[in-house]
Amino acid sequence: MPPRRLDVQYQDVSLRVFNWRNLLRVDWLLSLMVLLLAAAGWVTMYSASRSSDISYFNRQIMYFFLGLVVTVVIVCIDYRFLVGLGPLMYIAAVLMLLAVLAVGTVAKGSERWLVLGPFRLQPSETTKLVMVYALTWYFVKLGPRIRKLHWFLLTFIFAGLPIALILKQPNLGTAMSLTPLIIVMLFVAGCRVWHLAVVVLLGLSIVPVMWWEMHDFDPDTPREPRGFYDLKHYQKMRVYAFLNPEYDPRGSGWHTLQSKITVGSGGLTGKGYLKGTQTRLNYLPEHHTDFIFSLLAEEQGFVGAIVVIGLFLVFLLRGLSFARDCPDMAGTLLAAGIVTILAFHVFVNIAITIGLMPVTGIPLPFLSFGGSFYLTTMAGVGVLLNVPARGKGLLIG
Amino acid sequence: MLIQPKNEPERYEGVETRVQFFGVLLLAALAVLCVRLWSLQVLNLSEFTALAEHNRVSQTRLASDRGLIFARGGVVMADNRASADAVFVPGECPEDRLNAVCARLAEITGTAEKWVTTEVAKFRRSPFTQIIIKRDLTKADRIRIEEHQHELPGITIIVHPQRRYLQGETAGQLLGYLGEINQNELDAWSDEGYSLGDLVGKDGLERQYEHVLHGQDGYMVVTKYASGQPQLLTDKSGQPYIAKRDTRGHLLEKEADPVPPRSGKPLHLTLDLGLQRKCEELLHGVVGAIVTLDADTGAVLAMASTPNYDPGVFVTRGHDTERTDLLMGGNPNRMTHRAFREIYPPGSVFKVLLAAAALEEGAIKPGSTFFCPGHYELPGGSRPWHCWKHSGHGTVGVVEALTFSCDVFFYNVGLKLGVDKISKWCHAVGLGEKTGLDLPGEMPGLIPDREWKAKLYAGKDPSERRWYDGDTVNLSIGQGSAAATPLQSAALIACIVNGGYRVRPYLCEEQGPKKSERLFSDATIKTVTEGLRKCVQQGPTPPTGTGYLAHIDGIDIIGKTGSAQVASQSFQDKYKGDEESIPYEMREHAWFVAGVLDRSPKIALCVLVEHGLHGARAAAPYAKEVIDYFYANQGAASTPETAAAPDAAAAKRE
């Protein structure tokens, strides 16, 4: 065995694409958080599956281990290589999105799946990850030129294409999750702050427009959207139900109302494991997917909910610290991007379950049931772990 | 695999700050979530716990029995039977079969298919509602549904107690009827365990004693799943129980021991059902009322009114048009009990009161006489008041005046006594005010006096507001504005029969007798009684009284006829000698009050036949039959006839 030092010298001249030794250098704190969150997910999923289908629990464990394989593989691959593949991934993702629009199968009215033999793929899920790589590649290539307005604006065209395709599905949730990704990565990449500020303000100005579009909304008469800026009837319905939960509490307002009841009745220490009445008696549908946090909050109470939020916080801040400490731009951007996506999911999902936001299909990482999303999350964990693993004192000067 | 690293750009100055800034944003965002969680789970815990509880448990009502109503001698007048409803839960039926099942359901239960489908469509949003497809199934319907159960997923039969009136029309108006509780009642009785859809008493005893008869519903508390409804079933003995599984097959958990329903308290009436039936039979074909009181206590032995109705039509299947007709009124109104809800000029019946009052006040002595030339003129007046006997009665004392109902005698007595004293004595015996009978809607009647007239003509010329002697003359024979119910008249005669006490009529045994201080002395009662006794005596010696048709050999009966004018004297005169051609509405009301003195219990009764022309001919024979029947069947309240009645009543309804 040659001494480790030799390895470094070796890397001075070239780069090892696949290096299993990266595994020895994974960050233990982040890994621990992942394990704890996954464990919290299993415990909660077991409770959820008891009142729906026990196979959810088994499959969720399977997804974790499948995801772990993805994580390990990604950790071992040098991220600069993957960043180099960014444009290819981008093209592949766009093609997949086009394919899903053409031949995809619709499920639950909005999400589209691509059926490939025994596999069912949700291209919009992988697009989240692809966008992180593609944008990193783009910003690394640009370097300081991002401070120029035209390059800054080009980012939106570059990132806007997949977003537009996802919106066309229509999958508002995923499209929404990509928006903060662009903003944060632009910010971290070093764009001019006022450029970004103008864009954000312009973006926020859509809210009054949509608000105005809601003014004549009649929940009982479906109407075609007036233009590209207008929401579809079912989307407006969700906003309407969120603002007026008393309208048809058995219909659209049901989720928001019942989720609040579920969380609120949990109290400080919860009703006890497997004793959540709201979820057990099926008052809260989807309590194994998008509303699993409500189940957690009902059975484990405020304490349990805070513990899980705390785990997420440590996980996300640790990920951000990688971005801060990584000596190169690529690693910084990758880490920041992954943290943004996961943070968005954590925040929006919980905000929906506690009635701060209207219902949109945003799952909670590690807890919500779902194969595609679990794999994406674990891949994201791989990307995060990969950043410091490569970075530790081994960087080419 | 190795690749050559390219020149990577250096990180720019300040990237660390930007990343840290993002970190702070993240921290703030998660802090917002924590604050919100604190607010939901800790600050508003009780509110959400209550909402979750409301979700979780379902309180299923166990309907209680309504209290039974018994007539005298324990004859059941109203009880409860098990009534089965066909209930459909659309959510339990496979979506694709829904229409077919609706059609089949309509066919089997004999309801309109369109109605079923629209009813089901109404609850599309909450498919686990129990929709009542058909209430009160017949035995045949029930068997048919049970036979076709497999074709009808979602249909169940739910049983609950339903009122049953065993006596048909007999005493129907007294019992009253049941109807669905309305919003006002619901608001007023909110803390007495009523809920929407309950049947409550709307009239009669059912109304008066609603709070006695109404039972306390019990309940069972079971878990309720978001989908599925607990089903209430009844076992073979009619006891309700909760099915083990709800409509979706979830196993239900018992949350607490069920609270059993408490039946309403029974009501025991003073009513003699045989007598009641006899009275109603007597009145068959005419519009009128017969009241029979126990003279000493005021207990109502019978209170008949025709036309009558069967309260059963309100609680049995079908009869929709009949119900509507009843509630719409109609002429004659079958819902109006004529014994206490309708007022009539008391006519000559009033003379009983006037005679007793005048004797008591000393205005006349038993020996005082007046001359009756057949008419009467006030001093200085131009208009004569006639005696009914235009040829006149000659010189009459109070006994003869009562016997022959001499009007002129009482014109004189009335004037001598004066309106104020007449009015005082009227109120003393209960004329012009409610008797206090325990039934809703009693009319107070009217005894005019100075105050009343001044009020009536308020704002008019003082000359119109003044009380004239002419008014007193009219009042003296119970005409003018005077009005009384047959019940009041019966109470008046009871006062004479029992020796001078005013009694409060009552139907429910629990009320007990209520007597006033003694109003009339022995002497007064003796004189009045003598006059009234002679009134029902048959000739030739002693002379025949106006009420001779009520005479029964061997029974000491007193009585007084009355014919209350409804049209002016001049109108009446037009038909002199040809009474048959007077239009029905213009004919006089026939009164007869009577009492029995030498039997126990003493009874007092009043017969009124609307537009019966003459009390002597139209009313007095009924009184005779009532008295005859009562003492012949006394103590035999539950005759074979009574026992057979329920079947007859039920058969009639079928």
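**Chatting through the cores and the A–B contact**

Q: What does Ile290(B) touch, leaving out residues up to four places away in sequence?
A: In this predicted model, Ile290(B) touches Cys279(B), Leu282(B), Leu283(B), Ala302(B), Ala304(B), Leu605(B), Val607(B), Tyr622(B) and Val626(B), once residues up to four places away in sequence are left out.

Q: Which residues have the most contacts inside the largest nonpolar core?
A: Ile290(B) and Ile493(B) do, in a core of 126 residues. Helix H22 of chain B (residues 615-632) gives the largest share, ten residues.

Q: And where does that core lie relative to domains 1 and 2 of chain B?
A: Between them, because domain 1 (59-268) and domain 2 (302-601 + 612-632) both give residues to this core. Another core, of 123 residues, lies apart from it and includes Ala93(A) and Leu375(A).

Q: Switching to the chain contact: how many residues of chain A and chain B are in contact?
A: 54 residues of chain A are in contact with 42 of chain B. On the chain A side, H14(A) gives the largest share, twelve residues.

Q: How does that chain A side divide into nonpolar, polar and charged?
A: It's 35 nonpolar, 13 polar and six charged.

Q: OK, H8(A). What covers its buried residues?
A: The cover includes H6, H7, H9, H14 and H15 of chain A, along with H1 (15-43) of chain B. Among the buried residues of H8(A) are Leu178(A), Leu181(A) and Met185(A).

Q: How far apart are its end C-alpha atoms?
A: They're 26 Å apart, which agrees with the 26 Å that 18 residues should span at 1.5 Å a residue.

Q: What follows H8(A)?
A: Gly190(A), with a positive phi near 105 degrees.

Key:
Residues are numbered from 1 along each chain as its sequence is written. Chains are lettered from A and ligands numbered from 1 in the order in which they are written. This is a predicted model: local features need pLDDT of at least 70, side-chain atom pairs count only at pLDDT 80 or more; totals for chains, interfaces and linings use all residues. A nonpolar core is a set of buried Ala, Val, Leu, Ile, Met, Phe, Trp, Tyr and Cys residues joined through C-beta atoms within 7 Å. A residue is buried if 20 or more other C-beta atoms lie within 10 Å of its own, exposed if 12 or fewer, and partly exposed in between; C-beta atoms are placed from the backbone. Helices (H or I, at least four residues) and strands (E, at least two) are DSSP runs, numbered from the N terminus. Domain bounds come from an automatic or database domain assignment. Two residues are in contact if their C-beta atoms, placed from the backbone, lie within 7 Å. Ala, Val, Leu, Ile, Met, Phe, Trp, Tyr, Cys and Pro count as nonpolar, Asp, Glu, Lys and Arg as charged, and the others, Gly among them, as polar. The expected span of a helix is 1.5 Å times one less than its number of residues.
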